[in-house]
Amino acid sequence: EERYQTRLFHRSTRAITLTNAGEDFYHAARRVLEEARHAESLLRQKEGVLSGDIRLSAPSDFGRQYLSPAIVDFTRRHPEVTFSVYLGERVEDLVANRLDMSIRVGNLPDSSLAAIRVGEVQWITCASPAYLARRGTPATPEDLVGHDCLAFEGLTPSRLWRFGDGPANGPVPISPRFACNTADALIAAVSSGLGIARMASYQTADALASGALVTILDEYVPQPIPVHLIHAHQGQAPLKLRTFLDFAAPRLRAELAALPRRAG
């Protein structure tokens, strides 16, 4: 295995010099190593010890806020399980990227993936008390046209805010004064009084609890957004993955259920 790893390292630094035969050897060596690790993991599981790597992806803010703490607690119970975590707003293809599971925030398209629903979140429209005192509070979504809007460019397009079905709750086009793809930066901007933002309820929970932000247009809150754990194992999933799903799913359900809800 050490010899293979050395060859793989040289391949990564001098890939341009590889022949076709060398490229074939590299892929064959990877398969051998992966199969060896998988066999070792199966043996350890039969001995009653969970081991091996779990590869997963999640939206950045959700992953930092909920997934990372769950992983820390799980690895304390099962120290021979390792995790490779990919955080970002792009929806990753589980099979193509060799991922064991993913957290998806949003409606799922029909697919062959197995899904475990763990709850839902809401889109929250919010602003700082100082901004509303200075510019007034919108009474309807249409009133946003006269306000400074700040956009989160993460889970959905930022130039159209949807408030539900029907003409009274229809989509509102916006021209953001400020747009970014991280919740921390957007919360800092809206808390400073720069304008009105629209974000997921899990992203705004702390700022709302502290009073840095307040919600507006609560009667126009759109339909909740489902949150799922998905994986590609329709049959019997590996024991390490089943154990982690059994650990993480009820924990996420409890945390999402504790989020404040706005009735639309």
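A: Two strands count as paired if DSSP finds at least two bridges between them. Strands are DSSP runs of E with at least two residues, and helices are runs of H or I with at least four, numbered from the N terminus. This is a predicted model, in which local features need pLDDT of at least 70, side-chain atom pairs count only at pLDDT 80 or more, and totals for chains, interfaces and linings use all residues. Residues are numbered from 1 along each chain as its sequence is written, and side-chain values use heavy atoms, with hydrogens and water left out.

Q: What is the strand order of the open sheet?

A: The five strands follow E9-E6-E10-E5-E11, with mixed pairing. Strand E9 (178–180) and strand E11 (214–215) form the edges, each pairing on one side only.

Q: Which strands does helix H6 touch?

A: Contact means heavy atoms within 4.5 Å. Helix H6 (residues 201–210) packs on the sheet and touches strand E5 (123–127), E6, E10 and E11. Angles run from 0 to 180 degrees between N-to-C directions, with axes fitted to C-alpha atoms, for helices over the stretch in contact. The direction of H6 makes about 120° with that of E10.

Q: Is Leu-217 buried or exposed?

A: Buried means under 20% relative accessible area, exposed over 50%, and partly exposed in between (1.4 Å probe, protein chains only). Leu-217 is buried because its relative accessible area is 6%. Leu-217 lies in the loop between E11 and strand E12 (225–231), and has a positive phi of about 55° although it is not a glycine.
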